[in-house]
Every structure is written in C-alpha cells, then in structure tokens.
Amino acid sequence: MMKLFARNRHTVQRIGFSLITLMAVVTVLPIVGTVIFILFKGGSAVSWEFLTGFPHDGMRAGGILPAIIGTLYLTIGTAIFSVPLGIAAAIYLAEYAKENRLTRLIRLAIINLAGIPSVVYGLFGLGLFVLFLQFGTSILAASLTLSIMTLPVIISTAEESLRSVPQSFRTVSISLGATRWQTIRRIVLKEALPGILTGVILGLERAAGETAPILFTGAAFFLPRLPGSPFDATMALPYHLFVISTQVPEMPIQIQYGTALVLLVFVLTMNVVATVIRSRARARRQW
Amino acid sequence: MVDKIVIENLSLQYSDGTESLRNVSMGIRQNAVTVLFGPAGGGKSTLLRCLNRLNDLTEVKASSGQILIDGENILDPKVDVVALRRKVGMVFARPVPLPMSIRENVIYGLELAGEKRKSKLDEAVERSLKLAAIWDEVKDRLDDPAVALSGGQQQRVCLARVLALQPEIILLDEPTSGLDPISTGKVEAALLELKKEYTVILVPHSVQQAARTADYAAFFLTGELIEYDDGRKMFTAPKQRKTEDYIMGRFG
C-alpha cells in the first residue's frame with residue numbers, strides 16, 4: 001500500500017513538472033511566432049531603397065526614411081528629458097530621502113504614473129505641451145509626452161540598482177572622509193550604472209514603440225521632407241504603421257509588414273544592447 | 001602621558017529605543033592601544049562610531065555629554081566631520097575593499113582630500129602598505145582588484161587605506177573577527193607597530209585578544225563602563241566582580 005502511494009506521488013510530480021515546462025514553452029511561442037511571421041511577411045519589402053527613400057504614390061510605394069528618422073529623433077528627444085530627470089529622482093529617493101509623507105507621496109505618484117494608459121498621456125501632452133505651452137504638434141511636445149511616460153520605468157529601475165549597491169561601501173567611503181555626494185559619484189553611481197543603463201534603454205524602447213502618446217502631440221500623417229527643428233511635426237514608425245494599416249486603402253501588405261519589421265528590429269536591437277550591458281557588468285562586478 | 005581623547009558623561013539612545021551608552025566617562029591615552037571589551041550589545045561599537053561621528057548615519061534619538069579630542073568637542077554640530085574622519089580613521093569588522101584596485105583603494109581618501117601629485121600618492125601607497133605589513137604580498141599587483149585578495153590581505157589593505165590619510169587616531173572594530181590565526185597575528189603585530197605613532201582604540205573579537213594587545217582596557221556591560229584600568233592589571237587582577245566573571249568566562 002505504502003509503495004503504491006509513493007510511486008503515485010512521483011507520477012504526480014512528473015506530470016506537474018511537465019505541465020510547468022509546457023507553460024514555459026508556450027510563453028515563448030508568441031514572441032518567436034511574431035518575429036518569424038513578420039520576418040516572413042515583411043522581409044521581402046525591406047531593401048536599401050525602402051530604408052533610405054521617401055514614401056510616394058500615397059505611401060503605397062517607396063521607402064520609410066522619414067518615419068525611421070522621426071522615431072530616432074523622438075527617442076533621442078525623450079532621452080534628453082527623461083534620463084537626467086529620472087536618474088536625479090532615483091538618486092534622491094535611494095540616497096537622500098528619508099521615509100516620510102513626502103517620499104511616500106512621490107513613490108505613490110511614480111507607481112500610478114506607470115499605470116496610466118498611454119492614450120491618456122497623449123491627451124495630457126496635447127493639453128499641456130501642444131496647446132497651453134504652445135509648442136504645437138511637434139517633436140518637442142511628443143518627446144516631452146513620451147518622457148513623462150518613460151520616467152516611472154527609469155526611476156524605479158535606477159532606484160533599484162542604486163539600492164543594490166552594498167551599504168558597506170557607503171559607510172566605508174564616508175569613514176574615509178568622503179562627503180555623501182562624493183560617495184555617490186565615485187562609488188555608488190559607478191556600480192549602479194549598468195543597471196541604470198538597462199532601465200534607461202528599456203524605458204526608451206517603450207517610448208520608441210508607442211503610438212498613442214504621439215498621436216495628438218507630434219506625429220504627422222505624411223511629410224514630404226525631414227523635420228528641420230524640434231518645433232516641426234514628424235513621421236514616426238509606430239504611427240506610420242497605424243496609418244498604412246488602417247487609413248490607406250489598397251495598401252500593399254509587404255510594406256505594412258516591412259515597416260513592422262523595421263520597428264521590431266529597432267526595438268529588439270535596443271533590447272540586445274541592454275542585455276549585453278547587463279551581462280558584461282555582472283561578469284565584471286566585484287561584489 | 002597625555003589623554004588624547006576625553007569622554008565626558010556620554011549617553012546615547014538609538015531611535016528603536018535601545019540604550020547604547022549610559023553616562024560613560026573616560027580618558028584615552030596617546031600612543032597606546034586601548035581595548036574596549038565586553039559582551040555583545042555593551043556599547044563598544046557605538047562608542048567607536050561616536051569618535052568619528054559615523055553615528056551621524058544612524059538614527060539616534062538622544063545623546064548627551066561630550067567627547068574632546070585635543071580639547072575640542074567633536075560632538076558639536078559645527079565640527080567639520082570630513083576633517084574629523086580624516087583625523088580619526090576606522091577599520092571595520094568585515095574587510096570592505098571598495099570595488100577598485102588595491103592602489104586606488106589605498107589612495108581613495110587622499111584623492112578625496114585633494115592630493116593629485118602622483119609622487120605623493122605613490123609614496124603614500126608604499127608607506128601605508130608597509131605599515132600595514134602587506135607591502136611584500138601585493139607590491140607586484142597593485143593594480144589588481146582589491147577584492148581578489150584573501151580576507152586577511154583585504155583587511156590589511158583596509159588598514160593601509162586608513163593609514164594613508166595619516167590619521168592621529170585609529171579605531172578598529174573587531175578587525176580580525178573573520179580572519180584565520182595567522183592573519184590575525186599579522187594584524188596584531190601591525191597594531192603594536194602602529195601605537196608608536198598613533199592612538200589606537202581596538203574592540204577585540206575575544207578576551208584573549210584583549211589580553212594580548214591591551215595597554216589599557218575598558219570593560220563595557222550593557223552600555224556602562226564597568227572598569228577601566230591598565231591592561232596588565234585588568235587581566236590579572238580585575239577589581240570588579242563582573243569583570244572577573246567575564247574574563248574567567250563565567251558569562252559572555
């Protein structure tokens with residue numbers, strides 16, 4: 001009787017493990033599937049001309065250069081605002097702030113900021129940057145809107161990696177006559193940098209792929225030339241994809257998937273860079 | 001001999017309600033090893049951390065009394081703590097090499113103090129590593145990461161890092177607690193050398209170490225200074241019953 005029971009438990013365990021393994025594999029499938037599908041469908045559209053040319057014939061032919069450049073501009077613009085602000089906020093929260101009502105409020109705000117739907121950011125950006133501050137529908141307004149959306153990601157990952165630097169480093173540094181700021185600059189930031197960079201890239205990657213926040217704030221349906229200043233509107237990859245998939249009749253399907261492929265590669269490249277930074281730093285870390 | 005440090009009626013209570021020091025008064029001699037010993041929670045480390053104001057980093061609820069170093073009350077809020085910490089160096093229980101090379105570790109404090117001349121820095125590296133009895137073991141790999149050294153070597157590099165600042169007082173908080181007997185012997189030998197130039201205050205990790213190293217010894221129990229005397233007298237003929245019980249190993 002006992003023997004039978006024991007064998008039974010092993011069987012249950014084996015079935016359980018198989019199920020868990022299966023689920024793990026299932027989660028990978030959509031990602032791999034999406035990439036393969038888009039590669040298959042859009043691969044034929046991607047050519048040198050596609051990457052460096054302007055769209056023509058009502059965007060049914062030609063390239064997507066303005067959208068690529070636009071997304072690049074928006075990503076850089078977002079980085080300019082969100083990276084210094086986000087890292088500064090993280091340093092304040094991790095290194096200086098005492099636990100009190102103000103810091104709890106700030107943390108609460110950051111958590112909630114991360115939960116806001118992106119289209120709401122878009123409307124907020126329209127109200128504040130486009131209309132009230134009169135930046136117009138522009139790269140500037142769109143970048144600022146994307147920055148607000150990106151901030152929570154950057155702040156929370158940066159704070160996390162600052163906190164993971166051992167407390168003993170700070171104590172020792174201060175006991176050797178360093179000020180708090182010298183300790184942060186020379187030890188803590190140096191050690192936390194790879195983690196911070198990873199968070200920055202992941203945040204910017206999300207900004208690069210978003211449509212809703214730029215919809216009302218900076219994205220253009222079609223522009224015959226590249227934007228010349230931060231106050232110009234711009235085409236952008238995610239919005240262009242939305243436009244050619246829904247707004248243009250008789251759109252060749254390869255162009256749609258080709259555009260999706262370019263956006264995917266753009267974002268995945270950033271992902272790979274983040275992963276490389278993280279794993280190289282982990283190998284080098286001395287604690 | 002002069003008292004380098006005079007502690008007057010020092011009391012301190014942490015924010016979590018634990019009382020760490022109760023009305024401690026003592027004078028600490030220059031050019032001697034003064035040992036603070038007693039069971040855990042007696043206030044030894046707290047006292048050390050008052051001497052270089054490292055307790056500023058901890059949540060302290062209330063403190064009173066004063067600590068005079070060369071006649072100046074260092075608990076005064078107006079005191080320049082950075083200058084104080086350069087004058088009063090500290091070695092911790094666990095060696096904490098900063099994540100950089102051996103050389104960079106040793107010159108860390110000096111660079112912060114504004115020393116940029118390479119000749120001065122090189123000189124300081126050699127001098128302090130020799131004083132900490134580690135020079136011969138690391139002189140050919142000064143640019144290796146300090147964390148690659150063994151625990152005992154790391155601790156002596158940490159000592160050298162303190163010495164590089166040419167402090168006047170050196171605080172050691174159980175500096176050999178994680179070390180093997182041979183490394184411990186090396187650190188203790190370095191201490192004997194150091195007291196010629198510095199005022200050394202040591203929290204030992206055992207009564208035996210206290211007895212081996214103490215010129216003067218202070219016995220702490222639950223925040224109070226029970227007995228303070230010449231080291232030889234303390235460990236052969238303690239005056240207080242509690243001290244004797246602790247030294248004989250009847251509690252601890």
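Because the model is predicted, local features need pLDDT of at least 70 and side-chain atom pairs count only at pLDDT 80 or more, whereas totals for chains, interfaces and linings use all residues.

**Stop 1: chain B as a whole**

Select chain B and switch to cartoon. Along the principal axes, the C-alpha atoms of chain B fill a box of roughly 50 × 40 × 40 Å. The radius of gyration of chain B is 18 Å, which agrees with the value near 18 Å for a compact globule of 252 residues. That radius is taken over C-alpha atoms, and the globule rule is 2.2 Å times the number of residues to the power 0.38.

Of the 252 residues in chain B, 45% are buried. Buried here is 20 or more other C-beta atoms within 10 Å of a residue's own, exposed is 12 or fewer, and partly exposed is in between, with C-beta atoms placed from the backbone. Among contacts in chain B between residues at least 6 apart in sequence, 70% join residues at least 24 apart; a contact is a pair of C-beta atoms, placed from the backbone, within 7 Å.

**Stop 2: B:Leu221**

Now zoom in on B:Leu221, in strand β9 (residues 216-221) of chain B. B:Leu221 is partly exposed, with 19 other C-beta atoms within 10 Å. Leaving out residues up to four places away in sequence, B:Leu221 touches B:Gly38, B:Pro39, B:Gly42, B:Ile226 and B:Lys242.

**Stop 3: where B meets A**

Show both chains. Here 19 residues of chain B are in contact with 16 residues of chain A. On the chain B side, the elements giving two or more residues are α2 (81-87) and α3 (102-112). By class, that side has 14 nonpolar, two polar and three charged residues. Nonpolar covers Ala, Val, Leu, Ile, Met, Phe, Trp, Tyr, Cys and Pro, charged covers Asp, Glu, Lys and Arg, and the others, Gly among them, are polar.

**Stop 4: α6 and α8 of chain A**

Select residues 139-163 of chain A, helix α6, together with α8(A); their axes come within 8 Å and cross at roughly 150 degrees. Axes are lines fitted to C-alpha atoms, for helices over the stretch in contact, and angles run from 0 to 180 degrees between N-to-C directions. That makes α6(A) roughly antiparallel to α8(A), a word used for angles over 145 degrees. The residues of this contact divide into 13 nonpolar, seven polar and two charged.

While here, pick A:Arg186 in α8 (residues 180-209). A:Arg186 is partly exposed, with 19 other C-beta atoms within 10 Å.

**Stop 5: α10 and α11 of chain A**

Finish with helices α10 (residues 237-246) and α11 (residues 253-284) of chain A, whose axes come within 10 Å and cross at roughly 160 degrees. α10(A) and α11(A) are therefore roughly antiparallel to each other. Their contact has nine nonpolar, four polar and no charged residues. Show side chains for the contact residues, including A:Leu241 and A:Ile244 in α10(A) and A:Leu263 and A:Phe266 in α11(A).

Note on methods:
Residues are numbered from 1 along each chain as its sequence is written. Chains are lettered from A and ligands numbered from 1 in the order in which they are written. Two residues are in contact if their C-beta atoms, placed from the backbone, lie within 7 Å. Helices (H or I, at least four residues) and strands (E, at least two) are DSSP runs, numbered from the N terminus. Angles under 35 degrees count as roughly parallel, over 145 as roughly antiparallel, 65 to 115 as roughly perpendicular and the rest as oblique.
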